[in-house]
Amino acid sequence: MTTGAGSNVADTTDDASEQVPVEPAREVDGTLLRTELTEAERRRLFEEQVLPEVDRLFGAAMRYTRDPTEAQDVVQEAVAKAFSSFHQFQQGTNLRAWLYRILHTTYISMYRKKQRRPQEALQESIDDFSFYDEARTGDSAEYEVLEQITDEHVKAALADLPEAFRMAVYLADVEGFAYKEIAEIMDTPIGTVMSRLHRGRKALQKTLREYAVGHGLIDGDAPGGQ
Amino acid sequence: MGADVTDLAGQCSDESGNCQDALRELERYLDGELPESDLSTIRSHLSACYPCADRASFEEQLRAIIRQRCVERTPPDLHDAIRRRLDTMASAS
């Protein structure tokens, strides 16, 4: 990531080390010369680009940690780490994916050790579940069933998913990241992302179905409901 | 995924196996991850097959619901705490 900046530094050290630095270049071939930014400029750029993402990062951290205090700690720590390594971020590349990667590793280093539950898998049978088919069994139209789902239902159903599935589903369905970006954020192969998404979504839908049955929106005796 | 694909195919008027193909690709299609070359096949199937289109629309709406229901209110002092943290880091360096 930093090779571009490194070669710029090397180019200027030949016999020009005594030269007065030129005015910081904003952009060269679309790349900001980060090494020439003053501390104040770096801080300003960071605030301009990263602080608007804090609210969304907090939302992600809430899904990761499931606790507001821990979520704030993770976001603060992740933003501090991002600031320390901001000189390595290549302007014009994917800032959000870079930030979420930092958030992800920060969460893991802070909380995985004291995780309440071990890494869990999902049952094979989840693959056969279809919320759509189940939602059609009740008196309400299937779209009305969806409308009745509340914030608390969705958050609780996500919280219920094993960690790796929860993160993949959140990053795709709420944050809108592409498979490739999720693979980078979670440091897993794309095939793993796809299977976690597929099964995670099924499991999430199954929990939502249970809420719908509990509220009498769909028929709990429908086939496949177990 | 196998079971519901087979079941659903029974509801479709299309007997050429296009439903199975479409449903196999549906998740990647809705995720915007299907290669350009495969898009026209699934799009033309969805425009012609009501059961598959209805299922696709349900899945799309479900995703929209999940996205809308996951909004969090950021604690009011988080931004200030972050700025203070950055100030501390700047003065330490």
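**Exercise 1. State what share of chain A is buried, and describe its secondary structure.**

Step 1: Buried residues, those with 20 or more other C-beta atoms (placed from the backbone) within 10 Å of their own, make up 32% of the 226 residues in chain A. This is a predicted model, in which local features need pLDDT of at least 70 and side-chain atom pairs count only at pLDDT 80 or more, while totals for chains, interfaces and linings use all residues. Residues are numbered from 1 along each chain as its sequence is written, with chains lettered from A and ligands numbered from 1 in the order in which they are written.

Step 2: Now the elements. Chain A has eleven helices and zero strands, where helices (H or I, at least four residues) and strands (E, at least two) are DSSP runs numbered from the N terminus.

Step 3: Finish with the contacts, meaning pairs of residues whose C-beta atoms, placed from the backbone, lie within 7 Å. Of those in chain A between residues at least 6 apart in sequence, 71% join residues at least 24 apart.

**Exercise 2. Work out how α9(A) and α11(A) are oriented, and which residues meet.**

Step 1: Helix α9 (residues 163-174) and helix α11 (residues 190-214) of chain A pack at about 95°, their axes 8 Å apart. Axes are lines fitted to C-alpha atoms over the stretch in contact, and angles run from 0 to 180 degrees between N-to-C directions.

Step 2: That angle makes α9(A) roughly perpendicular to α11(A), a label that covers 65 to 115 degrees.

Step 3: On the α9(A) side, the residues include Phe165(A) and Val169(A); their counterparts in α11(A) include Leu197(A) and Leu204(A). The residues of this contact comprise nine nonpolar, one polar and four charged. Here Ala, Val, Leu, Ile, Met, Phe, Trp, Tyr, Cys and Pro count as nonpolar, Asp, Glu, Lys and Arg as charged, and the others, Gly among them, as polar.

**Exercise 3. Describe the side of chain A that touches chain B.**

Step 1: Chain A brings 35 residues to the contact and chain B brings 29 residues.

Step 2: Several helices of chain A each supply at least two residues, among them α2 (39-50) and α8 (151-159). The most come from α4(A), with seven residues.

Step 3: By class, this side of chain A has 19 nonpolar, six polar and ten charged residues.

**Exercise 4. Is Ile82(B) buried or exposed, and which residues does Ile82(B) contact?**

Step 1: Find Ile82(B) in helix α5 (residues 78-92) of chain B.

Step 2: Ile82(B) counts as buried because it has 22 C-beta neighbours inside 10 Å.

Step 3: Leaving aside neighbours within four places in sequence, Ile82(B) is in contact with Val54(A), Gln76(A) and Val79(A).

Terms used:
Angles under 35 degrees count as roughly parallel, over 145 as roughly antiparallel, 65 to 115 as roughly perpendicular and the rest as oblique. Two residues are in contact if their C-beta atoms, placed from the backbone, lie within 7 Å. A residue is buried if 20 or more other C-beta atoms lie within 10 Å of its own, exposed if 12 or fewer, and partly exposed in between; C-beta atoms are placed from the backbone.
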